[in-house]
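Dear colleague,

Please find the structure below, handed over for your records. My findings follow directly after it.

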Amino acid sequence: THTARALAPGEVLVVIVAAPPAVTGVTAVWRDRPVPFQRAADGRWEALIGVDVAETAGPRTLRVVARRPGAADLTAVHAFEVAPKQWRTRRLTVPR
């Protein structure tokens with residue numbers, strides 16, 4: 001799952017993975033960069049992803065891999081939608 005104030009450019013996305021206790025690590029790749037996950041106190045795995053301000057609106061996927069020693073990796077694809085964002089503009093006039 002994920003949570004965010006708004007899933008739009010310039011925002012931070014919290015990715016939450018519920019995995020079996022045997023999982024020793026969780027990884028993902030976002031925009032060709034590895035995403036490190038940390039195990040939370042409740043056993044879930046969490047990571048932060050920054051949505052670049054230049055990101056265009058549209059569907060995205062995040063492939064998440066959970067590692068288990070002595071067993072096959074668990075893989076899931078998480079789909080979400082990046083919403084368009086309009087930035088406020090302030091115009092300043094400097095006297096000559």
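Strands β2, β7 (58-67) and β8 (74-82) each contribute at least two residues to the lining of the largest pocket, and β8 gives the largest share, five residues. Strands here are DSSP runs of E with at least two residues, numbered from the N terminus. The model is predicted: local features need pLDDT of at least 70 and side-chain atom pairs count only at pLDDT 80 or more, while totals for chains, interfaces and linings use all residues. Residues are numbered from 1 along each chain as its sequence is written, and side-chain values use heavy atoms, with hydrogens and water left out.

A pocket is an open set of points on a 1 Å grid over the protein atoms alone, where a 1.4 Å probe fits, with protein on both sides within 12 Å along at least five of seven lines; lining residues have an atom within 4 Å of a point. The lining numbers 14 residues, and I16, V17, A18, V64 and A76 lie nearest the pocket centre.

Two of the contributing strands, β7 and β8, run antiparallel and are joined by nine bridges; strands count as paired if DSSP finds at least two bridges between them. In this pairing R63 stands opposite V77 of β8. Six residues separate the two strands of this hairpin, and G70 in the turn has a positive phi of about 75°.

Two bridges pair β1 with β2 (residues 12-17), and H2 stands opposite V15 in β2.

Kind regards

Definitions and conventions. Helices (H or I, at least four residues) and strands (E, at least two) are DSSP runs, numbered from the N terminus.
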